[in-house]
There are 2 protein chains.
Amino acid sequence: VSAPKPVQTARSELPIGIFDSGIGGLTVVRQIHKALPHEDLVYLGDTARVPYGTKSPATVIRFACEDTAFLLRQGVKAVVVACNTASAWALAALQREFALPIFGVIEPGARAALAQSRNRRIGVIATPATVRSRAYPECIRTRDPRVRVFAQACPLLVPLVEEGWVRHSVTQAVLREYLAPLLRQRVDTLVLGCTHYPLLKSPIREVAGPHVQLVDSAASCATYVRDALQKLDLLAGDRPRRGTIRPYVTDEIDRFQTMANRFLGFPAERPRQVELPPRSV
Amino acid sequence: VSAPKPVQTARSELPIGIFDSGIGGLTVVRQIHKALPHEDLVYLGDTARVPYGTKSPATVIRFACEDTAFLLRQGVKAVVVACNTASAWALAALQREFALPIFGVIEPGARAALAQSRNRRIGVIATPATVRSRAYPECIRTRDPRVRVFAQACPLLVPLVEEGWVRHSVTQAVLREYLAPLLRQRVDTLVLGCTHYPLLKSPIREVAGPHVQLVDSAASCATYVRDALQKLDLLAGDRPRRGTIRPYVTDEIDRFQTMANRFLGFPAERPRQVELPPRSV
């Protein structure tokens, strides 16, 4: 028996809320803005507590609830959990706790991988917490038990992206080491199970070779959210103006601005810094 | 004019409090336990919000105040800020805010480097936040303005240590890249300005070569704390029993236990998980 849900009127004119442990979720914002150019987006990056990917389930759930509560206070009509780790551990808890549509990145990525794989051998690279959750294997194998899923935790990839070493021999060497066990298993599809990894697409492609297809969970998520909001009759429709992107962060804004453009692909609006009050779940 | 200080009776029989952003501070615990084997130690690792080294001054100060307030509630006689980033940004604020002796790792490391360098060219490797603070250069050059200090931010080293890639060609390559500008400046002394770096001593020694002396700020800090407590008449004295080490963490305890032994050098007591209430400074 779950607790009574707070009532929240969802209306198609309201913005979509998107949160992530930090700035990586802007790769999801980028794809949603591309798929739904007329929607207003509110983004929260929990940059004071980033990363989530090395932390425990209970802590990730607590942080994700605080993030979602903040977005609700901004009056959003739906929430997208852009962070793979938070999607893996907290999505079910959030959906129980909050009375509005909440979408994660795991199911869209899993579906896209299933649609692409021919030999039914799928690789997943992600943070240690996401791998530990087994969210991707479970989501994939629920839909097709004949598929084999091989997951690899890659804790060094986020720091390498944030250091800007995307085209660097060290990154190549790290990728060779992380991908070797997956390639030995002859996966034909590789899910990029972390918001930072789309920035490593070309070195990953080089190391994985031409026979492995990459699944960008950010792109899959955007299509998924568009279809889901359409079914729920929650799309803003073809407004004459382009949608806005309003960013919030929990740490200082300078660092955000420097990195945001790389993830977003175009200049971000100046974010506001906020504090998230603790909240009992 | 500073605010009135809360009164806190410090007594020699009480434990010493030590905090860090995560588990790296156990390298400082290890050295203090070695230098002061009869002292009881209380350790707090803020593992839910680790790392501090990539975050902003204001956020680091806020976290450090919450950490110190927690240790005070455990009835400690003094506080050691084992985290270089927190020492760099928050030490002065903590000393203003709390009425008990508070020591950081920067000054001990700076003094040790000054004592060792012959050519007055000192290198410092640290987190981006510590480098940005300019705490080491300022502390060193206040004592001897003839010295030149060259600082290098090394954001990949902490993740490499946590991944366990201490003896790994990738770590060698990363170190070569980070240390090259310092070696070009012909530093004869290199400060390991982050609690994680003592674990990389041997690969650093290999890359830096035999003419560069390493300063372990954890070891320097232990000597410094011993001398300071002695002057303050706050040493526990030669009790018949060995001191205890009581660890607390803010994230789950499993991960702590796995990593703790590596940093501490011997098995750690099972930690307790705590929540740190927010606190206005």
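In the predicted model, B:Arg49 is the residue of chain B that comes closest to the rotation axis, with its C-alpha at 2.4 Å. The contact surface is shared by both copies, in that 100% of the contact residues of chain B recur in chain A. Superposition of chain B on chain A requires a turn of 180° with a shift of 0.0 Å along the axis, and leaves an RMSD of 0.0 Å. The two copies are therefore related as by a two-fold rotation axis.

The second largest pocket has a volume of about 410 Å³. Its lining comprises 24 residues, of which A:Arg49, A:Leu276, B:Arg49, B:Arg62 and B:Leu276 are the closest to the pocket centre. By residue class, the lining of the second largest pocket divides into 12 nonpolar residues, 10 charged residues and 2 polar residues.

As to the confidence of the prediction, the model scores an ipTM of 0.88 and a pTM of 0.90. For chain A, the pLDDT averages 93, and 96% of the residues score at least 70. Where pLDDT is low, the predicted coordinates should not be read in detail.

Technical notes. Residues numbered from 1 in each chain as written. Chains lettered and ligands numbered in written order. Predicted model: local features only at pLDDT ≥ 70, side-chain atom pairs only at ≥ 80, totals over all residues. Heavy atoms only, no water. 1 Å grid on protein atoms, 1.4 Å probe; cavity = no way out; pocket = protein on both sides within 12 Å on 5 of 7 lines; lining within 4 Å. Points joined across faces, edges and corners; volume = space filled by probe spheres on them. Nonpolar A, V, L, I, M, F, W, Y, C, P; charged D, E, K, R; others polar. Least-squares fit on C-alpha atoms with pLDDT ≥ 70 in both. Contact = heavy atoms within 4.5 Å. pLDDT = per-residue confidence, 0-100.
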